[in-house]
Amino acid sequence: EMVSQRFSDFWESEKSITENIFFRPSAGHNEVYIFDEIGFVGESCEGMYVTGDYNCRTGSLAVNFQLRGVGAVHRYCLGGPIHKDSGRYHEHLIQNEKDVGSANLPYAVPRTDLVNLSPKVAWLTICKEAKIAHTGKFSDPEEWCK
């Protein structure tokens, strides 16, 4: 089964996250805080997990949807480095199968609707788009920045 089809099935399905999401200091990166592999509960979720990082210096949040053994299959970059014509707020999508497993998922679309949202509001927006019911807590990574 092609990864892009598998991801599409995952993205379109109703799913949930029951775990709390807590950011912690990232090894070797001052001012960057991460959350580790958080799994999903749902029909098309096997092998899928989400990770994230928040940079206190730039106020940027990245949320990576990953497939075990493959790598990143979808990414939201909110406030990080400019990506070509997509600006600092963009979403990386699989455009064709060779993008999969590439560290950068080269294809990105602008997401100006996500500019200047707090990490929590951005997370809730992503959950809504991805049909994720998150029943756990989402810790505010900005708490680390004080």
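## A buried serine in a loop

In this predicted model, Ser-86 counts as buried because its relative accessibility is 10%, and buried means under 20%. Ser-86 is found in the loop that runs between strand E6 and strand E7, the latter spanning residues 89-92. Leaving aside residues up to four places away in sequence, Ser-86 touches Ala-108, Val-109 and Pro-110.

## The buried side of helix H2

Helix H2 covers residues 119-129, and among its residues Pro-119, Ala-122, Trp-123, Ile-126 and Cys-127 are buried. These residues lie on the same side of H2, because they cover an arc of only 140 degrees around the axis. The strands against which the buried residues of H2 pack are E1 (15-17), E3 (29-39), E4 (48-55), E5 (60-67), E6 (71-78) and E9 (132-134).

After H2 comes Lys-131, a residue whose phi is positive, near 60 degrees.

## Trp-123 and the nonpolar core

The largest nonpolar core has 36 residues, and the members that touch the most other members are Phe-40, Val-50, Phe-65, Val-73 and Trp-123. Helix H1 (3-12) and helix H2 each supply at least two residues of this core, and so does each of the strands E3, E4, E5 and E6. In soluble globular proteins, nonpolar side chains tend to be buried together.

Trp-123, one of the buried residues of H2, touches Ile-17, Ile-21, Phe-35, Val-50, Val-63, His-134 and Phe-138, when residues up to four places away in sequence are not counted.

Conventions. Residues are numbered from 1 along each chain as its sequence is written. This is a predicted model: local features need pLDDT of at least 70, side-chain atom pairs count only at pLDDT 80 or more; totals for chains, interfaces and linings use all residues. Side-chain values use heavy atoms; hydrogens and water are left out. Buried means under 20% relative accessible area, exposed over 50%, partly exposed in between (1.4 Å probe, protein chains only). Helices (H or I, at least four residues) and strands (E, at least two) are DSSP runs, numbered from the N terminus. The arc is that of the directions from the helix axis to the C-beta atoms. Contact means heavy atoms within 4.5 Å. A nonpolar core is a set of buried Ala, Val, Leu, Ile, Met, Phe, Trp, Tyr and Cys residues joined through side-chain atoms within 4.5 Å.
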